[in-house]
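Here is a short briefing for a reader who is new to this structure. Take a look at the sequence and the model, then read on.

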Amino acid sequence: MHLRAWRAAVRPCALLLAAALLAACGGGDGDRRGTGPIVFADSRDTSRGSQVKRLVAAWNARHPAERVEMVELAESSDDHRAQVVARAQDAAAAREAGKSGAPCFDVTTADLIHTAEYAHGGYIEPLGENDFDHEAFLREPIDSVRYKGRLWGIPLRSDVGLLYYRKDVLAASGVAAPVAWEDLRNQARTIAPSKGMQGYVTQLDQYEGFTVNTMEQIWDATGGGILGPDGAVVATPSTLREGFERLVQGVREGWIPKDATDFNEERSRIAFQDGRALFMRNWTYAYELLHAADSPVAKTFGVAKLPTPSALGGWNLTLSSCSTKQRTALRFMQFLTSEANQRRLFTGAGFAPSRKALYEDAALLRRYPHLSVIGAAIEEARDRGPSPYYHEVSNTFQANLHGVLTRPERLEAGLSGLREDLYRAAVGR
Ligand code: GLC
């Protein structure tokens, strides 16, 4: 065969191959099919002035043919996950039976701990390297959307635990914000009661917040953890005991109030904002609410890195496999995560940006000096463990240990067998 004839014969094949490769790897949004109205599922918008809803309204004003209906799911990460998984499974079952199920959540937010599970379960679509400008994002949030070498979402907001403290009270006692857990314990035990305040409030209800708080103590006290970087169990009874006992001790000694064993993020934020507590561990969003003009502590609170390592938090936007409007969905995801909108979500709602540029913006840093604290804390934050069974592991952990906070005599019973249970949970059994 002559070269020209050979070329003519193979060209269609080459084109087909290129198209197949692009479809497999995902190209720009030009490769995505389907436009039209979509559903966006997020957690309840608790930000001041409903900043996420405002952005959805701004999108809708400009895209009347691609309207986004926002569905607010539960505030807690665990309940949010349950709703997303139920809807994705429902959609898959309906598709298999050739029926139309409940409407697909085309775009959903996902706590970063759930990326691996959603990808593994086939609930979400991998994104291509060209689907968004991933180089412009911080490394940590980008790592949180990677699973098995592919990208499974666009980081909407990053997150990290911070220590909020009453700078007026500490200054009056002549001490600086604690940089070690033992200092925090001493100040919470001695200074707080002398001012009629609670010492330390944090998220200790039986949900992901409890796992986070305990993990941070284990990391700090022993260098151990629950899951390793490959998602395998690394917990041992002694590392679990040593870290967890710090929280048990706080409750027993009274500087962690008993109510905090039922607290989620918002309940701890309200306790601190009402002036009841000297210290609070909370995520970045709390700053904006504490800082508001109507906040009783607006002028008296300070913010610092936690005296322990922090878990990396954050929420990503994911594209559901059931979506038939993937082109609109992806464009909406790109819109929410644009630099301008990340700036809006930071200044309006306190959500930590996931784009690098905002941490280098001199004007923003001048106006929000705590942004550099957030940036440094994110760089040092630790991964909770990328596992498609993270939820089962965390649940097992909570179920075995949560009750011990208020009944310390149950510690050994809670620990016995926990390692075995964690091993089973980590492989999905
Ligand atoms: C915050 C974090 C998230 C974490 C959750 C725990 O929303 O961003 O990563 O899992 O709190 O309650």
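Predicted model: local features only at pLDDT ≥ 70, side-chain atom pairs only at ≥ 80, totals over all residues.

**Domains**

- Contact between the domains involves 31 residues of domain 1 and 24 residues of domain 2.

**Largest pocket**

- The space in the largest pocket comes to about 550 Å³.
- Its lining has 32 residues, and the closest to the pocket centre are Ser43, Glu75, Arg157, Glu265 and Trp315.
- How do the lining residues of the largest pocket divide into nonpolar, polar and charged? There are 8 nonpolar, 10 polar and 14 charged residues.

**Second largest pocket**

- The volume of the second largest pocket is about 310 Å³.
- This pocket is lined by 19 residues. Those closest to its centre are Glu140, Asp143, Ser144, Leu312 and Asp383.
- Helix 4 (115–120), helix 5 (139–145) and strand 4 (146–147) each give at least two residues to the lining.
- Which element supplies the largest share of this lining? Helix 5 does, with 4 residues.
- By class, the lining of the second largest pocket holds 7 nonpolar, 4 polar and 8 charged residues.

**Cavities**

- There are 3 cavities of 30 Å³ or more in the structure.
- The largest cavity holds about 40 Å³ of space.
- Its lining consists of Ser77, Asp78, Ile113, His114, Glu208, Tyr390, His391, Ser394, Asn395 and Gln398.
- Helix 3 (77–96) and helix 17 (390–401) are the elements that give two or more residues to this lining. The largest share, 5 residues, is from helix 17.
- The lining of the largest cavity divides into 2 nonpolar, 6 polar and 2 charged residues.
- Domain 1 and domain 2 each provide at least three residues of the cavity lining.

**Strand 6 and strand 11**

- Why is strand 6 (residues 154–160) described as largely enclosed by the rest of the structure? The reason is burial: 7 of the 7 residues of strand 6 are buried, so the strand is largely enclosed.
- Strand 6 pairs with strand 11 (residues 312–319) in the antiparallel sense, over 6 bridges.
- Serine 158 has glycine 314 of strand 11 as its bridge partner.

**Asparagine 60**

- Asparagine 60 sits in helix 2 (residues 51–62).
- Is asparagine 60 buried or exposed? Asparagine 60 is buried, because its relative accessible area is 10%, and buried means under 20%.
- Beyond its neighbours within four places in sequence, asparagine 60 is in contact with Glu66, Arg67 and Val68.

**Two positive phi values**

- Most residues other than glycine have a negative phi.
- Serine 50 has a positive phi, near 45°, and is not a glycine. Serine 50 is in the loop between strand 1 and helix 2. With a relative accessible area of 24%, serine 50 is partly exposed.
- Lysine 148 also has a positive phi, of about 50°, although this residue is not a glycine. Lysine 148 is placed in the loop between strand 4 and strand 5 (150–151).
- Lysine 148 has a relative accessible area of 68% and is therefore exposed, since exposed means over 50%.

Definitions and conventions:
Residues numbered from 1 in each chain as written. Heavy atoms only, no water. Buried < 20%, exposed > 50% of the residue type's maximum accessible area, 1.4 Å probe, protein only. Pairing = 2+ DSSP bridges. Contact = heavy atoms within 4.5 Å. 1 Å grid on protein atoms, 1.4 Å probe; cavity = no way out; pocket = protein on both sides within 12 Å on 5 of 7 lines; lining within 4 Å. Points joined across faces, edges and corners; volume = space filled by probe spheres on them. Nonpolar A, V, L, I, M, F, W, Y, C, P; charged D, E, K, R; others polar. Domains from an automatic or database assignment.
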